[in-house]
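The sequence and the structure are shown first, and the description follows.

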Amino acid sequence: MTDNSFEINKIRTRIDAIDDTILDLLKERIDCAKAIGRLKDEEKRAKWDPLREREIYNRLIKANKGVFPEPALRSIFHEIITSCRLSQKKILVAYLGPEATFTHLAGVKYFGQAADFKAMESIDEVFAEVEKGRTAYGIVPVENSIEGAVYSTLDSFMKYRVKICGEVRLEISHNLVCKSGNIEDIQTVASHAQPLAQCREWLKKNLPSIPTLPVFSTSAAAQMAANNPNIGAIASSLAIKTYELQVVVKGIEDYQGNTTRFLVIGTKSPEYTGADRTSLLIGTIDRPGALNKILTVLSEEGINLAKIESRPIKGKNWQYVFFLDMMGHMEEERIRKGCERIRNKCSYFEWLGSYPTGGETTTDL
């Protein structure tokens, strides 16, 4: 045995010992999480404490001092934290299916691999599952940086009584995939209509003679590619793993920075974390300057309006409700006071929730 081989074996033995220690500590951590869960049950407290989780991430990143790659550190501890939280009580999450869609991927990014997921056929059904208590949470797309608002999600807030519990943003990167990984085998490219549109110029330039086939979802396209070696699909990284496909070309979208924002819905909004967003659904009084008066309140209270979107009220011609996103939490004095003033100027007012803001993350999983 050479000196290098001896040294490699010595280091590998040390790595095995470190891994054993990590495993022992993980088992101890999950025992601690279960103990906290029992204590919370006695006091009827919520299992999820977003402020505590944010404090953990901040402390670890500070202690790391840049030695371990920060994105990987976040990913590792995200799985540890979510697995420990779910050991207190397993949760079921409804999402806009089928399996391996970008919405499913957003759910996995937010809740971790250990959660149970339930695919639904429509956004409306996701809301219904949460309202009726058949699932603890749901996850739905609410807006895309290129395509704009997802109106079926906004309309569902007018129909169902749920609360927004969180958000997650995914930078969407489209991959051309097929069973073999060889572009020469592709005779048809299948995907949802939006990814096909977002990759139109790339397909026109690189596969000019290959027809495209719009289907129900990116996941359905991936399943077709898995069953037919002559079909290529534009699909998520999760779909690639789920259906055992090979990447032909990564990142074929025509425009960079395509990001989708997803909302996590439940029955109760989380507590203040210090980096929060509050969402409202309001109806204005039918008089000149009604909306302007509401916006003036936000300005006077020093509240940053992050988004405003109008939607028609079904069955009432030319009448609208407005969705408002503002930075801050309802537990903050300025947000609470501002909302009270807004309520007095509205024909309809509903607090949809205050929740931690979601950082942008990529779709690699």
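Glu-301 and Arg-341 form a salt bridge, with their closest N and O atoms 2.9 Å apart; the term denotes a side-chain nitrogen of Lys or Arg within 4 Å of a carboxyl oxygen of Asp or Glu. This pair links distant parts of the chain, 40 residues apart: Glu-301 is in the loop between helix 11 (290-300) and strand 13, and Arg-341 is in helix 12 (residues 333-343). Helices (H or I, at least four residues) and strands (E, at least two) are DSSP runs, numbered from the N terminus.

Glu-301 counts as buried at 14% relative accessibility, whereas Arg-341 is partly exposed, at 29%. Buried means under 20% relative accessible area, exposed over 50%, and partly exposed in between (1.4 Å probe, protein chains only).

## Basis of the description

The model is predicted: local features need pLDDT of at least 70, side-chain atom pairs count only at pLDDT 80 or more, and totals for chains, interfaces and linings use all residues. Residues are numbered from 1 along each chain as its sequence is written, and side-chain values use heavy atoms, with hydrogens and water left out.

## The chain as a whole

The chain has 365 residues, of which 45% are buried. Its secondary structure comes to 12 helices and 16 strands, and its C-alpha trace spans about 85 × 60 × 35 Å along the principal axes. Among contacts with a separation of 6 or more, 77% are between residues 24 or more positions apart; contact means heavy atoms within 4.5 Å.

The chain is divided into domain 1 (2-87), domain 2 (92-172 + 259-264), domain 3 (175-249) and domain 4 (275-356). These bounds come from an automatic or database domain assignment.

## Where domain 2 meets domain 4

The centres of domain 2 and domain 4, taken over C-alpha atoms, are separated by 22 Å. In this interface, 17 residues of domain 2 are in contact with 19 residues of domain 4. The two domains bury about 1500 Å² between them, 56% of it on carbon and sulfur atoms; buried area is the accessible area (1.4 Å probe) that two parts lose on being put together, summed over both.

Between domain 2 and domain 4 there are 7 residue pairs in polar contact, both residues being at pLDDT 80 or more. A polar contact is a pair of N or O atoms within 3.5 Å; within protein, one must be able to donate a hydrogen and the other to accept it, and residues adjacent in sequence count only if both atoms are side-chain atoms. On the side of domain 2 that touches domain 4, helix 6 (151-159), strand 5 (163-171) and strand 11 (259-266) each supply at least two residues. Strand 5 gives the most to this side, with 6 residues.

## Salt bridges across the interface and beyond

The salt-bridge rule gives a count of 20, and it finds 5 across the interface of domain 2 and domain 4. Another joins the side chains of Lys-307 and Glu-143 (3.2 Å, N to O). Lys-307 lies in strand 13 (residues 305-312) and Glu-143 in strand 3 (residues 137-144), so this pair ties together parts that are 164 residues apart in sequence. Lys-307 is buried, with a relative accessible area of 17%.

A network of salt bridges links Glu-143, Glu-167, Arg-169, Arg-261, Arg-277, Lys-307, Glu-309 and Asp-325. Within helix 12, the side chains of Arg-336 and Glu-333 meet in a salt bridge (2.6 Å, N to O). These two residues are 3 apart in the helix, and so about one helical turn separates them. Arg-336 is partly exposed at 32% relative accessible area, and Glu-333 is partly exposed at 48%.

## Two buried residues

Asp-276 lies in strand 12 (residues 276-284) and is buried, with a relative accessible area of 4%. The C-alpha atoms of Asp-276 and Gly-328 are 4.9 Å apart, although 52 residues separate them along the chain. A polar contact of 2.8 Å joins the side chains of Asp-276 and Thr-273.

Ser-156, in helix 6, is buried at 3% relative accessible area. Its side chain reaches the backbone oxygen of Ser-152 at 2.9 Å. Leaving aside neighbours within four places in sequence, Ser-156 is in contact with Ile-123, Asp-124 and Phe-127.
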